[in-house]
Amino acid sequence: MTGKIIGLGSYLPEKVLTNDDLSLLVETSDEWIQERTGIKKRHISDHKTETTSYMAGIAAQRAVEDAGIEGSDIDLIVAASTTPDVVFPSIACMVQKAIGAGEDCGCFDVNSACPGWIAAFLTAQSFIEAGRAKKVLVVGAETLSNYVDWTDRGTCILFGDGAGCAVLEASEGIPVSSIMRSSCERGDCLFCANMKQPDRLDDEEFIKTTSFQMAGRDVFRFAVTEVPKIIRDVLKKAQVPADEIDYFILHQANARIIEATAKKLKIGLDKFPMTLQETGNTSSASIPSLLSTMKKEGKLQRGQKLVIASFGGGLTWDAAYLEY
Ligand code: UT7
């Protein structure tokens with residue numbers, strides 16, 4: 001048994017922040033940001049109305065509609081987020097309400113920073129393989145803009161808000177191959193020490209102490225070393241040659257990281273789709289949002305061989321091989 005992706009959906013906030021807009025906030029330029037990251041713009045949520053759960057709920061509704069099923073058909077919701085609205089209830093519970101799933105639907109969240117959606121996806125696969133669930137909704141959603149230090153040009157240029165979601169259905173087939181890795185030893189280069197409090201989002205001093213910290217160069221070096229390695233290892237585990245893969249769906253963090261990965265794997269960049277130009281890094285929403293965009297553009301066909309891979313805070317890095 002395996003969990004086939006039968007529906008995809010995504011949501012991006014209405015407000016767009018361009019590189020030129022950012023150059024009014026910090027000393028930077030459109031040219032620098034595009035050259036060093038590939039990012040042209042990102043979407044920023046209205047923190048009072050477009051909460052993480054709101055965006056997750058809309059992405060989930062769209063995925064359920066795309067799958068051609070009802071919310072009440074879903075028997076498990078796993079949500080990934082590092083920026084939930086509140087400590088509890090979980091984002092998954094709020095999504096349950098948004099899609100009209102019944103009380104016999106299990107709901108919980110996972111937090112594994114940017115690879116969170118892959119962790120949620122693999123958790124869902126395990127439930128399906130064990131026969132514990134048949135139709136599972138896997139959603140990733142983030143309001144990173146609430147946690148960014150908007151005076152730090154080394155981080156604020158990278159991140160955006162959004163949500164992405166997939167519906168998985170138990171189907172005959174080979175289980176997904178996967179590898180999950182983590183290193184708390186190296187975790188200091190990317191961390192966020194405190195939760196935001198919604199009613200203090202206009203308090204500049206409080207915001208500063210709850211913003212996340214990143215040593216960009218260290219994270220970059222970690223990513224370009226470990227991502228190609230974990231992809232090679234997961235393909236070896238799946239016994240599938242790299243040149244048979246239709247698409248490598250990588251975490252949308254920085255075009256240079258994706259380019260370096262393609263080069264190390266000796267695979268053409270055309271097999272590494274990117275949406276980061278339009279969205280920036282949306283953390284756990286990045287991979288399901290990219291998949292949703294690819295479906296809308298007609299790029300996903302049944303039977304295609306895909307690799308998904310991500311890296312981020314923890315440090316954590318995961319990869320999986322699946323057939324679409
Ligand atoms: O989900 C995972 C999250 N994290 C990541 O994926 C981050 C990975 N790291 C990166 O993407 C890159 O390291 C950055 C985009 C953050 C930075 O790019 P870089 O090429 O590694 O730049 P750098 O930090 O080595 O800085 C080069 C120069 C420095 O100036 P000096 O010391 O050479 O004079 C920086 O002060 O660029 C300067 N700089 C900037 N200049 C204009 C740093 N940020 C900016 C900026 N605009 N926004």
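I looked for the ligand and found that it sits in the largest pocket. A pocket here is an open set of points, on a 1 Å grid over the protein atoms alone, where a 1.4 Å probe fits, with protein on both sides within 12 Å along at least five of seven lines. "Sits in" means that more than half of the molecule's atoms lie within 2 Å of the pocket's grid points.

Ground rules: this is a predicted model, where local features need pLDDT of at least 70, side-chain atom pairs count only at pLDDT 80 or more, and totals for chains, interfaces and linings use all residues. Residues are numbered from 1 along each chain as its sequence is written, and side-chain values use heavy atoms, with hydrogens and water left out.

Next I checked the shell: 23 residues surround the ligand, each with a heavy atom within 4 Å of it. The closest are Thr 28, Arg 36, Arg 217, Asn 254 and Asn 281. By class I get 11 nonpolar, seven polar (Gly counts here) and five charged (Asp, Glu, Lys and Arg).

Which elements give two or more residues to the shell? They are helix 2 (30-37), helix 7 (216-238) and helix 8 (255-265), with helices taken as DSSP runs of H or I, at least four residues, and strands as runs of E, at least two. Helix 7 gives the largest share, four residues. Domain 1 (2-171) and domain 2 (177-323) each supply at least three; those bounds come from an automatic or database assignment.

I then went through polar contacts (N or O pairs within 3.5 Å). Ligand oxygen atoms lie 2.7 Å from a side-chain N or O of Asn 254, 2.8 Å from a polar side-chain atom of Asn 281 and 3.0 Å from a side-chain N or O of His 251. The protein covers 76% of the 940 Å² of accessible area that the ligand has on its own (Shrake-Rupley, 1.4 Å probe).

Last, the backbone. Phe 88 to Pro 89 is a cis peptide bond, omega near 5°, and Pro 89 is in the loop between strand 4 (76-80) and helix 4 (91-99). Gly 314 to Leu 315 is cis too, omega near -10°; Leu 315 is in the loop between strand 12 (305-312) and strand 13 (316-323).

Notes
A polar contact is a pair of N or O atoms within 3.5 Å; within protein, one must be able to donate a hydrogen and the other to accept it, and residues adjacent in sequence count only if both atoms are side-chain atoms. On a 1 Å grid over the protein atoms alone, a cavity is a set of points where a 1.4 Å probe fits but cannot get out, and a pocket is an open set with protein on both sides within 12 Å along at least five of seven lines; lining residues have an atom within 4 Å of a point.
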